[in-house]
Amino acid sequence: MAKIALLIGVSEYGEGLARLPGTQGDLQLMQRVLENSQVCGFDQVQVLSNPDRTEMESAIETLLTENRSADDLILLYFAGHGVRDDNGTLYFATSITETNSEGRIRTSKAVPASAVQGYMSRSRSRRQILILDCCFSGAFANDMTARKAEVIPVDVNLQLGGEGRAVLTSSTHFAYEKDGTGIYTRYLVEGLETGAADRNGDGQITVDELHEYAREKVREAAPSMQPEIYAAREGYKIFIARALQDDPRLTYRKEFDELAKRRQGSLSPANQRQLNHRRQELGLTHEEAQQIAKEVLQPYREYRKEYRRRLGEFEQAIKETLEFDPQFSANSQDDLRGLQRALKLRDEDILPILDFYSLDLDPPSSSDTTASARQPLQGKPTSLDAGDTAVREQQTRQTVPEDDLSSEKGIDYTKLRDLLKGQDWYAADEETYKAIIRAVGKKEGNWLTSHELLNFPCTDLKTIDQLWVKYSNGRFGFSIQKQIYVECGAKLDGKYPGDEIWYKFCDCVGWRKDGKWLSYSDLNPCLSSPKGTSPLFSWGLFFDGGGGRLGWFCFFSRTETCGV
């Protein structure tokens, strides 16, 4: 019995198809885990980078049909563009695949799925795995490159399925590249290397377990993706890798993962303390635990970033609509509803934005087709004010001097400034946290002491605050939060004012609602959020001695002494 794999990655194409540089990183990841004798232990792993049609099809034929026995395990992995013709026939793009003058694929320069299926059917091997990290539609996503084909999904199972094989696809619609690798590939490799894909804990990872692990992670990071598996009964249970049992790192990862799922990636201070105690019980180092935490929480962070982008795009569309159509006609409402559907935003997602601009998207009556007939919410700009406000903000920014990025600790605040300029509030939170940690000489994941907060360098505090205040138009920043804290009855005289004032403050800035704490992912900061919602210090910052409330009190006290 032999275990043989062929890994194909195509990053360069002919005219009409976008480059996919991340596929080369995918090949390296897959080669590493398949050759690892402690995990997959494949006897032979061939890597084929940017082949033309003849090279690709010849290698696939050799893999499947030459000198194979029934007990051999054959794995074919493809990362690149999946394309289709007008009849819905699937092809795998090669380095010479291109489109013609009408934008159609030149199928003579691509490998047809029917050829691959033919070789698989002729193979003596009765254990075949086909992994496709490619997509079968034309959708693209911001900050990610969709592995492109046509708009109508193809029937993967019909064109590639069969007895004794498992076909795994990253998405029936579109597959993303992020940070140089495909999301699906990344989590396949993670599930194998860490052993986390061993769902039943028997020390063996089967194909269905591996796919289910990757599918869950992908859906957490990019809900629009739809990884699928197509297999007959025996195909689901093909054994692909070993997993260590009684491994403390795997135990910690699985427990962390379950907790993260229940909390949707937003861990409370109590959760953090619980995990810290568990880490100590399992004998893991702080660094090992931090690495596991980073990997487990990564898909949630990716989802939040994409979700924030879509919310930001919708809010920007409202601003532009009000400038284009100050009366906010029925046509404008219909257009925004269409955009909402395209962005896959729920009504509850966009409600805070609509409230801020005193708008609704309900069909207007025949006697009320303009926004002027609706009553604005008290204290918020009307539709007609929004365009004027945008103009005033633009004029103001043109006269604002260069940002002061001074630091007593040599910290570069350029990235924080750029994130705030782009109104990426969550990412700016995380960058703020990193800057604060660096300013006190600690590593990410460490707690801050009261002494460190009360002696935080004033120059850095002023720099961070003025950037937040400026680019949020006076809505966010430590000085804004301190002012609200004082208005709630706090006195920054060195004596903690009590939990009642802390809860009142958290209600005012939107961290609590109806007496219940909101998770970090539920806050969704935007310019229509309550004043003072941000900064939040990101998810990873916790204070010693009494939790966050005392830490914030110390930090606001330092803000007062520094004159911020």
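Visitor: How many residues of strand 3 (residues 73–79) are buried?
Guide: This is a predicted model, in which local features need pLDDT of at least 70 and side-chain atom pairs count only at pLDDT 80 or more, while totals for chains, interfaces and linings use all residues. Residues are numbered from 1 along each chain as its sequence is written, and side-chain values use heavy atoms, with hydrogens and water left out. Strands (E, at least two residues) and helices (H or I, at least four) are DSSP runs numbered from the N terminus, and a residue is buried under 20% relative accessible area, exposed over 50% and partly exposed in between, with a 1.4 Å probe and protein chains only. Strand 3 is largely enclosed by the rest of the structure, because its buried residues number seven of the seven.

Visitor: Which residues of strand 3 point the other way from Leu73, Leu75, Tyr77 and Ala79?
Guide: In a regular strand the side chains alternate between the two faces of the sheet. In strand 3, Leu73, Leu75, Tyr77 and Ala79 point one way, and these residues are buried. The residues that point the other way, also buried, are Ile74, Leu76 and Phe78.

Visitor: In which sense do strand 1 (residues 3–9) and strand 3 pair?
Guide: Two strands pair if DSSP finds at least two bridges between them, and strand 1 has seven bridges with strand 3. Within this pair, Leu6 stands opposite Leu76. The sense in which strand 1 and strand 3 pair is parallel.

Visitor: Which residue in strand 7 (residues 127–133) is the bridge partner of Ala79?
Guide: Strand 3 and strand 7 run parallel and are joined by seven bridges. In strand 7, the bridge partner of Ala79 is Asp133.

Visitor: Where in helix 10 (residues 286–324) does a kink lie?
Guide: The expected span of a helix is 1.5 Å times one less than its number of residues, so the 39 residues of helix 10 should span 57 Å, and its end C-alpha atoms, 54 Å apart, agree with this. The bend at a residue is the angle between axes fitted to the seven residues ending there and the seven starting there. The kink is about 40° and comes shortly before the proline Pro299, at Gln298.

Visitor: With which side chain does the side chain of Glu216 make a polar contact?
Guide: Glu216 lies in helix 6 (residues 207–221) and counts as partly exposed, because its relative accessibility is 21%. Contact means heavy atoms within 4.5 Å, and, leaving aside neighbours within four places in sequence, Glu216 is in contact with Arg199 and Lys261. A polar contact is a pair of N or O atoms within 3.5 Å, where within protein one must be able to donate a hydrogen and the other to accept it, and residues adjacent in sequence count only if both atoms are side-chain atoms. At 2.8 Å, the side chain of Glu216 makes such a contact with the side chain of Arg199.

Visitor: Is Glu98 buried or exposed?
Guide: Glu98 is placed in the loop between strand 5 (90–93) and strand 6 (110–112), and its side chain is joined to that of Lys109 by a polar contact of 2.8 Å. Leaving aside neighbours within four places in sequence, Glu98 is in contact with several residues, including Gly14, Glu15 and Arg104. Since its relative accessible area is 19%, Glu98 is buried.

Visitor: What is the phi of Gln423 near?
Guide: Most residues other than glycine have a negative phi, and most peptide bonds are trans. Gln423 sits in the loop between helix 14 (414–421) and helix 15 (425–439), and with a relative accessible area of 30% it is partly exposed. Gln423 is a residue other than glycine with a positive phi, near 60°.

Visitor: Which residue does a cis peptide bond join to Ser534?
Guide: The omega of this cis bond is about 5°.

Visitor: What percentage of the residues in the protein is buried?
Guide: The protein has 21 helices and 15 strands. Of its 564 residues, the buried ones make up 53%.
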